[in-house]
Every structure is written in C-alpha cells, then in structure tokens.
Amino acid sequence: MSNYTEEKGIVIVGGGICGLATALALHKKGIESVVLEKAESIRAAGSAIGIFTNGWYALDQLGLGNQLRQKAILLKG
C-alpha cells in the first residue's frame with residue numbers, strides 16, 4: 001500500500017460555477033488554489049441559469065459581467 005500525500009493550501013471541490021468563480025476570485029487576489037472535479041471532461045449540454053441582481057454584481061466583481069451580459073437572454077415576466 002502506497003502512502004501518497006500532497007499538500008495544497010486551498011483545495012476547491014467542484015468545478016461548477018461556484019467552484020470556478022471562487023478559484024478566479026482567489027487568483028485575482030494572488031492566492032493559489034487547486035480545483036478538483038470528478039468529471040473527466042467538459043460536457044456540452046444545454047442548460048440555463050437564472051442570475052439575480054446580486055449574482056450580476058458578483059460577476060462584475062470578477063470582471064465577467066459585461067462579457068456575459070452580451071450573451072445573456074433577458075427574461076421578462
């Protein structure tokens with residue numbers, strides 16, 4: 001039995017929206033992290049998310065808001 005260990009300062013479990021946003025925010029602050037994801041590859045699947053005002057604010061703080069607004073389809077209801 002092998003005892004393999006590796007030390008990492010910050011480990012983010014999950015490469016979804018929140019995990020990647022967290023990694024990006026840390027990177028912008030100069031803090032290294034590693035993202036662990038169980039999926040072997042990126043899936044091209046159709047899906048949608050609803051983003052409220054505070055979500056857009058967070059995306060703006062990450063520097064992604066304007067780019068994503070250009071691709072967003074606004075829902076009115």
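Before setting off, note that the model is predicted: local features need pLDDT of at least 70, side-chain atom pairs count only at pLDDT 80 or more, and totals for chains, interfaces and linings use all residues. Residues are numbered from 1 along each chain as its sequence is written, and side-chain values use heavy atoms, with hydrogens and water left out.

Let us start with the fold. The protein chain has three helices and two strands, where helices (H or I, at least four residues) and strands (E, at least two) are DSSP runs numbered from the N terminus. Reading along the sequence gives the pattern β-α-β-α-α. As for overall dimensions, the C-alpha trace spans about 60 × 30 × 15 Å along its principal axes. The radius of gyration of the protein chain is 16 Å, whereas a compact globule of 77 residues would be near 11 Å; this radius is taken over C-alpha atoms, and the globule rule is 2.2 Å times the number of residues to the power 0.38.

The surface comes next. Buried residues make up 10% of the 77 residues; here buried means under 20% relative accessible area, exposed means over 50%, and partly exposed lies in between (1.4 Å probe, protein chains only). The protein chain exposes about 7,300 Å², and carbon and sulfur atoms supply 57% of that area. Accessible areas come from the Shrake-Rupley method with a 1.4 Å probe, and for residues only the protein chains shown count as cover. Among contacts between residues at least 6 apart in sequence, 23% join residues at least 24 apart, a contact being heavy atoms within 4.5 Å.

Now to the pockets. Rolling a probe the size of a water molecule over the atoms shows where empty space is left. On a 1 Å grid over the protein atoms alone, a pocket is an open set of points where a 1.4 Å probe fits, with protein on both sides within 12 Å along at least five of seven lines, and lining residues have an atom within 4 Å of a point. Grid points are joined across faces, edges and corners, and a volume is the space filled by probe spheres set on the points.

The largest pocket holds about 1,100 Å³ of space. Of the 25 residues that line this pocket, Ile-49, Gly-50, Ile-51, Trp-56 and Leu-59 are the closest to its centre. Helix 1 (17–28), helix 2 (53–61) and helix 3 (65–69) are the elements that give two or more residues to the lining. Helix 2 provides the largest share, five residues.

Glu-37 lies in the loop between strand 2 and helix 2 and is partly exposed at 42% relative accessibility. Leaving aside residues up to four places away in sequence, Glu-37 touches Gly-14, Gly-15 and Gly-16. Ser-41 is found in the loop between strand 2 and helix 2, and counts as exposed because its relative accessible area is 54%.

Lys-38 also has its place in the loop between strand 2 (34–36) and helix 2. At 83% relative accessibility, Lys-38 is exposed.

Our last stop is Thr-22, which lies in helix 1. With a relative accessible area of 38%, Thr-22 is partly exposed. Thr-22 and Ser-33 are 11 residues apart along the chain, and their C-alpha atoms are separated by 9.2 Å.
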